[in-house]
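Thank you all for coming. I would like to walk through one structure this morning, so please have the sequence and the model open while I talk.

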Amino acid sequence: MPRPTTLTTRIFLDSGSPDDTRSTLDLLGFLDGQTTNPSLVAKALRADNPDIALKQQELMDAYKGIVQNISQMIPHGSVSIEVYGDKDTVAETMITQGREMNTWIPNAHIKLPTTKAGLEAANVLTGEGVRVNMTLIFSQAQAAAVHAATFGAKKGDVFLSPFVGRLDDRGENGIDLISRISDMYKKEESHVEILTASVRNIDHFLASIAAGTDIITCPKKILDEWAASNFITPEATYSYTRDDLSSIPDASVSLTQSWQEYNIQHDLTDAGLQKFADDWNALIA
Ligand code: G3P
């Protein structure tokens, strides 16, 4: 199946498994990229060996092998590789990891958490020409800070990953955040591209496309559903209506401040960072 002609949004797979890359390519006939994270890599490694326990270096080597395998299957796509980070990880440590991971494959986007240290690392790495994907986004202020911290990078080099499902989980309509950031970025012609993540259902998939996301990453099962729908694409007016969710109001901020000035604190970013670190550390002997 070639890409639907009405679809300009790029479609990524959200998985730490090269087997999923292969089966998605077979399913869709195309794939624009793949996102990985510590939890997804842990899941893929445990699927092969439930009792896995590795040394630090062995774990990094396993991650490298996984992304190299994925990269070979989608050489013209993007593959996101996430640095290890917890609340105490400083920018310099993320920068060192990011530089190293960027040598693993030619088509990497280095995933960094949207924390103060992550933004500082993004500022340095994009200045060196490294592509980045800023993850665990839950607010417009964080999106503004990413724009400011990576200003000067070219379009295609900076992705921003809002997690819609995790906002839904706590009663807020995550798709609203996609619309708000999309409107805010359009006004300023931002270089940053929105990559909708934490996609839990086909409605999220269609609504985020209608809301103006540049890219969407989803688990294989959502792409299976999309294929089963004969690759439906939404009207621009498609909306995600959920009476049980409160809408997220516009909290536009100017994009011209320095990145250190934005209030980027968000509980879900802190919790997400901790979960990634826990899942990663649980693999270490
Ligand atoms: O790409 C991020 C995504 O994997 C998170 O999804 O379902 O754990 O919120 P979820």
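Predicted model: local features only at pLDDT ≥ 70, side-chain atom pairs only at ≥ 80, totals over all residues.

Now to the helix packing. Two packed helices are described by the angle between their axes and the distance between the axes. Take helix H5, residues 116-127, and helix H6, residues 140-149: they pack at an angle of about 30°, and their axes are 9 Å apart. Why do we call H5 and H6 roughly parallel to each other? The class of roughly parallel takes in angles under 35 degrees, and the pair is therefore placed in it. The crossing of H5 and H6 is right-handed. On the H5 side the contact is made by Leu119, Asn123 and Thr126, and on the H6 side by Ala145, Val146 and Ala149. Sorted by class, the contact of H5 with H6 holds four nonpolar residues, two polar ones and no charged ones.

Which residues of H5 are buried? They are Ala117, Gly118, Leu119, Ala121, Ala122, Leu125 and Thr126. As for their surroundings, the buried residues of H5 pack against helix H4 (91-101), strand S4 (108-113), strand S5 (132-137), H6 and strand S6 (158-162). Just after H5 comes Gly129, with a positive phi of about 90°.

The other helix pair I would like to show is H1, residues 18-28, with H3; their axes come within 9 Å and cross at roughly 15°. That angle makes H1 roughly parallel to H3, and the crossing of H1 and H3 is right-handed. In the contact, Pro18, Thr21, Arg22 and Leu25 of H1 meet Ile66, Asn69, Ile70 and Met73 of H3. The residues of the contact of H1 with H3 divide into five nonpolar, two polar and one charged.

H3 itself spans residues 56-73, and Gln57 lies in it. Gln57 has a relative accessible area of 53% and is therefore exposed. How far apart in space are Gln57 and Thr8? They are 40 Å apart, C-alpha to C-alpha, with a sequence separation of 49 residues.

That leaves the loops, and I will begin with the backbone. Ser198 has a positive phi of about 60° although it is not a glycine, and its place is in the loop between strand S7 (193-196) and helix H9 (202-210). Its relative accessibility is 10%, so Ser198 counts as buried. Asn230 is another residue other than glycine with a positive phi, near 65°, and it is found in the loop between helix H10 (220-228) and helix H11 (267-281). Is Asn230 buried or exposed? At a relative accessible area of 61%, Asn230 is exposed.

Finally, let us look at Arg200, which is placed in the loop between S7 and H9. Arg200 is partly exposed, with a relative accessible area of 37%. Along the chain, Arg200 and Val164 are 36 residues apart, while their C-alpha atoms are separated by 8.4 Å. Not counting residues up to four places away in sequence, Arg200 touches Gly165, Arg166, Asp169, Lys221 and Ile222.

Technical notes:
Residues numbered from 1 in each chain as written. Heavy atoms only, no water. Axes fitted to C-alpha atoms, helices over the stretch in contact; angles between N-to-C directions. Helix = DSSP H or I, 4+ residues; strand = E, 2+ residues; numbered from the N terminus. Parallel < 35°, antiparallel > 145°, perpendicular 65-115°, else oblique. Left-handed = near helix turned anticlockwise from the far one by under 90°. Contact = heavy atoms within 4.5 Å. Nonpolar A, V, L, I, M, F, W, Y, C, P; charged D, E, K, R; others polar. Buried < 20%, exposed > 50% of the residue type's maximum accessible area, 1.4 Å probe, protein only.
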